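Keep the sequence and the 3D view open as you read.

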Amino acid sequence: PSSSRPPAITSESMDEILGGRRMRRNRGSDWSRRLVRETVLTVHDLIWPIFVVEGTGIRQAVASMPGVERLSVDEAVKDAVKAESLGIPVLALFPYTDDALRDASGSEALNPQNLVCRACREIKKLGLNIGLMTDVALDPYTSHGHDGLLDGETILNDETVDQLCRQALTQVEAGSDIIGPSDMMDGRVAAIRGSLDNAGLRHTQIMAYTAKYASAFYGPFRDAIGTNATLIGDKRTYQMDCGNTDEAIREAELDISEGADMIMVKPGLPYLDIVWRLKESFRMPTYAYQVSGEFAMIEAANANGWIDGERAMLESLMAFKRAGADGILTYFAPRVAKLLTERT
Ligand code: PBG
């Protein structure tokens, strides 16, 4: 019955309810939204991971990562030039090692002529204004796909660290600027820092994969470097358990005290709480890795017409910045850099 109807809402009655506070005023125009935006994404926030493969003139599609290709060294050099022209500060290099070169101890990791080292050398020759980051871990080189040396089913810590130190030296000698230990062995940051310093390589930076979780989101990356085929078992005895936060704090304390210059959280979007906590706790240069599976999800949904991939890409990268990340390793790097430079 009409007698029980509440009084009509009018602008005057709303003024009274709101007391003049209308949050939507600042959202009313594009210029105003830009003016009040707290977080910005720039090309300087991007680290671009690329995959290197044997051969010349090769750009090989990775099926589970649309738009991402494995590049022969000469093509990688071209992308390094592109990275510089887009203003991307760092390229991260990952190798697809020929099966014939993979063995139980990952000995190819120590070969100064391996793919990553050759790519570093060739890119460095150009004297570009970009940094090169290389991954320290044995998985692209081992026949069992693990990041360390195996004894039966056990991944050996200390023996692996010894080899990782030598791998890091090999990479820095080839031109790597930033060592990224992604292996999650205990004590590797201190050991690597020590051997670099011993060799007089005091200025090489270390970006520690500090909180690296055992994750289902690495699947497409393992396609890209060919370790899905080789990996025996899983990496849960060295990568972190997804239920843990305090452990990430302890890992960060250790990495920082061992000499890490920068810390990283991986995967990215499902672990923004960790990014936030580490940044709040340590105030270190803190990075997030938007890993292959995160990239693939956005691409797959976009390909199906289920989301606007470009907007999802930008929104996801903004979320990292909002959570406190100083930068993001992302396969979207060249695309987003192009968008950002076109817009300004
Ligand atoms: C290996 C390494 C991995 C990634 C970077 N370095 C995979 C793994 O730990 O199995 C994953 C990156 C991605 O998924 O994009 N040490």
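A residue is called buried if 20 or more other C-beta atoms lie within 10 Å of its own, exposed if 12 or fewer, and partly exposed in between, with C-beta atoms placed from the backbone. Helices (H or I, at least four residues) and strands (E, at least two) are DSSP runs, numbered from the N terminus. Bear in mind that this is a predicted model: local features need pLDDT of at least 70, side-chain atom pairs count only at pLDDT 80 or more, and totals for chains, interfaces and linings use all residues. Residue numbers start from 1 along each chain as its sequence is written.

**Helix H11**

Start with H11, where the buried residues are Met313, Ser316, Leu317 and Phe320. Looking down the axis of H11, these buried residues fall within an arc of 95 degrees, so they line one face of the helix; the arc is that of the directions from the helix axis to the C-beta atoms. What covers them includes helices H9 (272–282), H10 (292–303) and H12 (333–343), plus strands E11 (286–290) and E12 (327–330). H11 itself runs over residues 309–322, and its 14 residues reach 20 Å from first C-alpha to last, close to the 20 Å expected at 1.5 Å a residue. That expected span is 1.5 Å times one less than the number of residues. After H11 comes glycine 324, with a positive phi near 110 degrees.

**Helix H1**

H1 (residues 11–18) is hardly covered: the count of buried residues among its 8 residues is 0. Glycine 19 follows H1, and its phi is positive, near 55 degrees.

**Strands**

Strand E5 (residues 131–136) is mostly covered, with 5 of its 6 residues buried. For E9 (residues 205–212), 7 of the 8 residues are buried, so this strand is largely enclosed by the rest of the structure.

| Pair | Bridges | Residues opposite each other |
|---|---|---|
| E4 (residues 90–95) and E5 | 4 bridges | leucine 91 and leucine 132 |

**Around the ligand**

Which residues sit around the ligand? They are Asp135, Ala137, Asp139, Asp147, Ser182, Tyr218, Phe221, Arg222, Lys235, Val291 and Ser292. Near here means a C-beta atom, placed from the backbone, within 6 Å of the molecule. This shell divides into 4 nonpolar, 2 polar and 5 charged residues. Ala, Val, Leu, Ile, Met, Phe, Trp, Tyr, Cys and Pro count as nonpolar, Asp, Glu, Lys and Arg as charged, and the others, Gly among them, as polar.

**Two partly exposed residues**

Leucine 231 lies in the loop between helix H7 (219–224) and helix H8 (246–257). Leucine 231 has 16 other C-beta atoms within 10 Å, so it is partly exposed. Its C-alpha is 7.9 Å from that of serine 143, 88 residues apart along the chain. Aspartate 74 belongs to helix H3 (residues 73–86), and counts as partly exposed with 13 C-beta neighbours inside 10 Å. Between the C-alpha atoms of aspartate 74 and glycine 57 there are 6.6 Å.

**The whole chain**

Zooming out, the chain has 12 helices and 12 strands, and buried residues make up 44% of its 344 residues. Its C-alpha trace spans about 85 × 45 × 40 Å along the principal axes.

Key
Two residues are in contact if their C-beta atoms, placed from the backbone, lie within 7 Å. Two strands pair if DSSP finds at least two bridges between them.
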